[in-house]
Amino acid sequence: MADTFSLQRVLETFRSSLTENKEVYIKYYIAGWKELVSFMNSLGNVFSFISKDVICKIQILENFLSGENGSHYVTIQSMVKYELENELVDLTKRGSHPESGCRTLLRLHRALRWLELFLERLRTSAEDSKTSVMCSDAYNESLAQHHPWLIRKAVGVAFCALPGRDTFFNVMNAGDQVQVVALLGESLPLISEVYQITEDLYAKNNLLELP
Ligand code: 1PX
């Protein structure tokens with residue numbers, strides 16, 4: 001992973017995460033999140049409590065991937081099958097498997113929905129739109145429903161520290177605003193596809209509310 005964020009690389013990693021049979025490679029899914037974390041870090045320390053949580057979840061998944069059962073963690077589909085067949089998931093309340101791959105990835109999956117909603121707002125935003133408003137509207141429509149009051153408050157404070165739309169476009173490192181908007185238009189269908197494949201898989205296996 002290079003030091004400077006580029007939206008292009010996020011696009012490439014999410015593209016690489018789809019297999020021919022429309023399964024999702026965990027390795028590239030995680031790589032996409034790493035890029036996003038590096039973007040968030042470049043925005044300042046206010047966001048570090050958020051990046052810490054994402055990094056922690058990435059680490060859990062990486063440990064599974066490089067562990068002795070790593071071959072079962074190649075795709076999200078193989079992970080779900082393996083963990084369910086071997087009763088490695090706490091299904092209704094936290095118990096002996098509080099950090100299963102399935103529940104950990106579910107947290108990132110819900111955040112991917114936030115990202116999709118936020119980027120779509122950014123793509124279609126007017127020059128005077130506020131990133132903080134776009135961010136919190138997207139958050140309230142998605143992740144907020146899964147977060148307790150205290151987290152929602154802290155997230156609200158962090159949103160106020162977001163830079164304006166112009167700076168945001170610059171940090172994305174993908175050319176002028178017209179080019180960024182075009183790249184967002186290219187990225188969003190891919191992000192949506194990865195999101196939808198995961199959502200359908202989790203829904204089919206009744207995993208959308210894992211504790
Ligand atoms: C191209 C520009 C895109 C901007 C990229 C920004 C990436 C943001 C990544 C946010 C990922 C958040 C993951 C949150 C996972 C989560 O829900 N964790 C909670 C539950 O976990 P648990 O193990 O306890 O069940 C955990 O409690 C969360 C704690 C931290 C708060 C997470 C707030 C997420 C707010 C999302 C908005 C980020 C705004 C960044 C501004 C660019």
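Contact is taken here as heavy atoms within 4.5 Å. The structure is a predicted model, in which local features need pLDDT of at least 70 and side-chain atom pairs count only at pLDDT 80 or more, whereas totals for chains, interfaces and linings use all residues. Residues are numbered from 1 along each chain as its sequence is written, and side-chain values use heavy atoms, with hydrogens and water left out.

Excluding residues up to four places away in sequence, Tyr29 touches Phe14, Ser17, Val24, Ile76, Leu105, Leu108, His109, Leu112 and Val194. Tyr29 is also listed with Ile76, Met79 and Met172 as having the most contacts inside the largest nonpolar core, which has 65 residues. Such a core is a set of buried Ala, Val, Leu, Ile, Met, Phe, Trp, Tyr and Cys residues joined through side-chain atoms within 4.5 Å; buried means under 20% relative accessible area, exposed over 50%, and partly exposed in between (1.4 Å probe, protein chains only). Helix H5 (residues 101-123) supplies the largest share of this core, 12 residues. Helices are DSSP runs (H or I, at least four residues), numbered from the N terminus.

In helix H4 (residues 76-85), the buried residues are Ile76, Gln77, Met79, Val80, Tyr82 and Glu83. These pack against helix H2 (26-41), helix H3 (48-66), H5 and helix H9 (177-204). Glu87, which follows H4, has a positive phi near 50 degrees.

No disulfides (pairs of cysteine sulfur atoms within 2.5 Å) were found in a search of the whole structure. For Cys56, the nearest cysteine sulfur, that of Cys102, is 17 Å away. For Cys135, the nearest is that of Cys160, 11 Å away. Cys56 is partly exposed, with a relative accessible area of 39%, whereas Cys135 is buried at 4%.

Technical notes: Helices (H or I, at least four residues) and strands (E, at least two) are DSSP runs, numbered from the N terminus.
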